[in-house]
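Dear colleague,

My notes follow after it.

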Amino acid sequence: MSYPNELKYTKEHEWIKIEGNNATIGITKFAIEQLGDIVFLDLPKVGSSFKAGGNFGTIESVKTVSDLFMPVTCKVTEVNQSAIDSPESLSVDAYAKGWLIKVEIENVPADLLSAHEYENYVVGGN
Amino acid sequence: MSISVNEKLKLTPLYEEHLALNGKMVPFAGWNMPVQYSGVVDEHKAVRNSVGIFDVSHMGEIIVTGRGALDYLQNLVTNDVAKLQIGQAQYNALCYENGTLVDDIIIYRRGYDSFFICVNASNIEKDFAWLKEHCPKKGVILENVSDDYAQIAIQGPKSRELITKVIDVKITDLAYYHFAEGKVLGIPALIARTGYTGELGYEIYVPASAAAKIWKGLLQVGAEYFVKPCGLGARDTLRLEVGYLLYGNDMDSTTTALECGLGWVTKFDKSNFIGKEALLKQKELGLSKKLIAFEMQDRAIGRHGYKIFATNDGEQEIGFVTSGCPAPTVGKNIGMAYVTQDYSKMGSQIWIEIRGEKKAAVVVKKPFFVHGSAQG
């Protein structure tokens, strides 16, 4: 499985692409494969603010509902409507078209994982 | 999101096969079971359109034999066991004195006083203890053979063609809820025309030691029908589409056989059975809550445990969801729930609280999916 090097990751299986003060956030291919068929996404409104680690939405597969956790302290600037409309598309392209939200960063915590660290983490069976 | 890992789970004899097939393993009723292989929807469609196989070896098996076995069972279960022919199977409820459920089971009659019972995985010890507690001191012999048996379900419109290629008995005429004893790939098996999917299908009980050989054989022989290994995920969406109940979700020791809609297997005209008095009384007085089927109207999924309200802005709680999922064949989000009698009629508007918001749903008739091949 691939873990793009330019991204940072959380232990809750979100990825974040940081570009200056802005970032794009999604969930990893590993997590999507664990969840199975994605059927529903509940994402926050543009303008809402979150602390790093805060619950910003939910992702539902046929079998389960999982919470989404914010990798950074930020304000939501854009939500991916096409992902909401066709959540099954996440399994096709988790790292590009399957992004969930774009945010304006206020603070980046020190504990984000690199691609290598995340890979070791998931291979370790978590 | 978080993904939890559980330890110390029991493994079926097919555990290694699931790993080899890249099955995603999850804890279920104390067992480490495959929830999916290729995907819940893909597996669901394989069963509706062709054929799929399921490892259901976590289910328990109890053998009841000896003089008096028939009378003994008659006193324990709600359905009329005396009506069972040898070679026939019967769905049954096992009740407490107050009419609530110990378990739902299938009884297979092998001889006048010889029965084979399939029980839910989560209830094996509890059921066996309950059976022992009520067993007469002489005559009836109980054996918990759950560890000796593996169970594989072969389900879908092509299941008959597939199973015919691996067995030594003729089952063309085997009717729904009947069984044959023969050999599968040379191994002794009980071959039952039963299932949990609403499709034509078979459940085979085989020695645990031979399970892997049979599983691999079914996949190999079934390749021409595009057979797929299927997990608990598809098992759940398939059974919910046809309105079959799941013990622990839709019924348990807090719901009576009548409340969960098992009146059709509760025979008040037979001799006495445990729970009869309480159920008769409930029948006379009427039910206060009832298991219903619902369809979501708002775009959301009502899941196990979610609360149900009478209005979208009020606080009048009228019930709770017991099972819910997106239904791949039906194309709707469906579920089952307990609601108070007033809201149990077809067409009743109900509101399910999902993450703090009330979402609209409507009470509908079971089953959601009516074109299954099970009884064809």
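**What was found**

B:Tyr177 sits in the loop between helix H5 (159-164) and strand E10 (179-184) of chain B, where helices (H or I, at least four residues) and strands (E, at least two) are DSSP runs numbered from the N terminus. Please bear in mind that this is a predicted model, in which local features need pLDDT of at least 70 and side-chain atom pairs count only at pLDDT 80 or more, while totals for chains, interfaces and linings use all residues. Residues are numbered from 1 along each chain as its sequence is written, chains are lettered from A and ligands numbered from 1 in the order in which they are written, and side-chain values use heavy atoms, with hydrogens and water left out.

Although B:Tyr177 is not a glycine, it has a positive phi of about 60°. B:Tyr177 is buried, at a relative accessible area of 16% (buried means under 20% relative accessible area, exposed over 50%, and partly exposed in between, with a 1.4 Å probe and protein chains only). B:Leu185, in the loop between E10 and strand E11 (187-192) of chain B, also is not a glycine and has a positive phi, of about 50°, but B:Leu185 is partly exposed, at 28%.

A cis peptide bond, with omega about -10°, joins B:Lys366 and B:Pro367, and B:Pro367 belongs to the segment after strand E19 (357-364) of chain B.

Turning to the interface, 30 residues of chain A are in contact with 20 residues of chain B, contact being heavy atoms within 4.5 Å. The two chains bury about 1900 Å² between them, 55% of it on carbon and sulfur atoms; this buried area is the accessible area (1.4 Å probe) that two parts lose on being put together, summed over both. The rule finds 4 salt bridges across the interface, each being a side-chain nitrogen of Lys or Arg within 4 Å of a carboxyl oxygen of Asp or Glu. A:Glu60 forms a salt bridge with B:Arg355, with the closest N and O atoms 3.2 Å apart.

Finally, an unreviewed UniProt entry gives the annotation "modified residue: N6-lipoyllysine" for A:Lys63, though such annotations may be inferred rather than shown by experiment. A:Lys63 lies in the loop between E6 and E7 of chain A and counts as partly exposed because its relative accessibility is 31%. Leaving aside residues up to four places away in sequence, A:Lys63 touches B:Val35, B:Val40, B:Gly233, B:Asp236 and B:Arg303.

With kind regards
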